[in-house]
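I opened this entry to keep track of what I look up, one item at a time. Short notes follow.

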Amino acid sequence: MTSSPAEAPAHSSKRSNKSIYLVLGCTVFAATAQVLLKFGANHPMPVMNPTDTSTWMPFLMALLSNYYLLLGYCFHSGNALLLILALRDGELSVLFPIISLSYVWVDLLSMYFFHEHMNVWKAAGILLVIGGVTLLGRASSRP
Amino acid sequence: MNKTPLSSIVLVLMASVVGSLGAVFLKRGAAHLNRGFRYIVNWQLASGIAIFMGSSIPFLIALKHGELSVLYPMVSLSYMCSLFWSKLFFNEPITRPKVLALCLILAGITCIGIGAN
C-alpha cells in the first residue's frame, strides 16, 4: 500500500469501485423491500379502479394499515439513499443496471420465505444476470 | 399462457422508461452531495425519488394482473433506457462490454421471469 503512487487515475478507479459496492448494497435493500412488499401484497386490499375516484380513498386507507408494505417502502428509502450516495461518482450506465442483481436475491429469498422452487430457467437467469453484472463492473474500470 | 392484459404491458413499459429517467435526476442531484451532505435536499433528488415512487405504483398494479415472464423483460428495458439517457445527459460512452452486459442481464431476467411462471 505504501508503495502505491497516489495518481489521479488510480484514485478515480477506486472511487468508482466504491460506487459499485454501494450499488451492490442497494440491491440487497431492494430485494428485502420486494420480499416485504410481497408479504404486503398478500394482505387483503380493496379493489382500486384508477378511473373511479370513489375507490381511491378506501384503497389509500388500506395501504396505510398495511405494515409490511410500509416497511417495504422504508427499505426502498434506504435503497434510494444508498443509490444516491453511489451515484455521486461513476457512470450511470454502469451503476444503474447493477440493480438487476436484486432479481437474483429476490429469487433466492423467495425460495426461503415463500418456498418457491429452483428450476433450470431461474438458475440460468441467475447465472446470466451475475455474468452481465460482472461484465459491467469490468467495463467501468476501463478509462 | 397469454393472460397478461395489454394494459399491464403498457403500464410496465411506461413505468420502465419513466423510472430510468428517475435515475438521471438522482445522478444530477447526487452531484450536489460532493459539496457537502447538507445539499441532500435539492429539487433534482426530490424529483428522482418522486419519479421512482410514482413509477412503482403502475408496477404494483400491473404485476397483480400480469405474468412475470412477460413483464420482467419489459422491466429490464429500463436498463437499456438508462444506457441511452447516460449517453444523452452525461455523455457516457456506449461501449461494447456495456451493451453485451445489458444483453446478458436482459436475457437473464427474461429467464428468471419464465422460471417464475
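**Two loop residues.** I began with A:His115, which is exposed, because 7 other C-beta atoms lie within 10 Å and a residue with 12 or fewer counts as exposed. I placed A:His115 in the loop between helix 5 (101-113) and helix 6 (120-141) of chain A. Its phi is positive, about 55 degrees, although A:His115 is not a glycine. Most residues other than glycine have a negative phi, hence my note. The model is a predicted one, and I keep that in mind throughout.

I then looked up B:Asn91. B:Asn91 also is not a glycine and has a positive phi of about 55 degrees. I found B:Asn91 in the loop between helix 3 and helix 4 of chain B. Buried or exposed? B:Asn91 counts as exposed, because it has 7 C-beta neighbours inside 10 Å.

**Chain B overall.** I listed four helices and zero strands in chain B. Read from the N terminus, the order is α-α-α-α. I boxed the C-alpha atoms along the principal axes and got roughly 55 × 35 × 20 Å. Chain B has 117 residues, and 44% of them count as buried. I also checked contacts in chain B with a separation of 6 or more: 76% of them join residues 24 or more positions apart.

**Helix 1 against helix 3, chain B.** I took helix 1 (residues 6-30) and helix 3 (residues 68-90) of chain B as a pair. Their axes come within 8 Å and cross at roughly 35 degrees. The crossing of these two helices of chain B is right-handed. On the helix 1 side I noted residues including B:Val12, B:Leu13, B:Ser16 and B:Val24. On the helix 3 side, B:Leu71, B:Met74, B:Cys81 and B:Trp85 are among those met. I sorted the residues of this contact into 16 nonpolar, six polar and one charged.

**Helix 2, chain B.** I marked buried residues in helix 2 of chain B, including B:Gly48, B:Phe52, B:Pro58 and B:Ala62. What covers the buried residues of this helix? The cover includes helix 1 and helix 3 of chain B, together with helix 3 (67-87) of chain A.

**Where the chains touch.** I noted 33 residues from chain B and 29 residues from chain A in the contact. On the side of chain B, helix 1, helix 2 (43-65), helix 3 and helix 4 (96-116) each supply at least two residues. Helix 4 of chain B gives the largest share of that side, 14 residues. The residues of the chain B side divide into 23 nonpolar, seven polar and three charged.

**The core.** I looked up the largest nonpolar core and recorded 63 residues. Those with the most contacts inside it are A:Val23, A:Cys26, A:Leu83, A:Leu95, A:Val129 and B:Ile105. Helix 1 (residues 8-41) of chain A gives the most to this core, with 10 residues. I followed A:Val23 one step further. Leaving aside neighbours within four places in sequence, A:Val23 is in contact with A:Leu83, A:Ala86, A:Leu95, A:Ile98 and A:Ile99.

Technical notes: Residues are numbered from 1 along each chain as its sequence is written. Chains are lettered from A and ligands numbered from 1 in the order in which they are written. This is a predicted model: local features need pLDDT of at least 70, side-chain atom pairs count only at pLDDT 80 or more; totals for chains, interfaces and linings use all residues. Axes are lines fitted to C-alpha atoms, for helices over the stretch in contact, and angles run from 0 to 180 degrees between N-to-C directions. A crossing is left-handed if the near helix is turned anticlockwise from the far one by less than a right angle, and right-handed if clockwise. Two residues are in contact if their C-beta atoms, placed from the backbone, lie within 7 Å. Ala, Val, Leu, Ile, Met, Phe, Trp, Tyr, Cys and Pro count as nonpolar, Asp, Glu, Lys and Arg as charged, and the others, Gly among them, as polar. A residue is buried if 20 or more other C-beta atoms lie within 10 Å of its own, exposed if 12 or fewer, and partly exposed in between; C-beta atoms are placed from the backbone. A nonpolar core is a set of buried Ala, Val, Leu, Ile, Met, Phe, Trp, Tyr and Cys residues joined through C-beta atoms within 7 Å.
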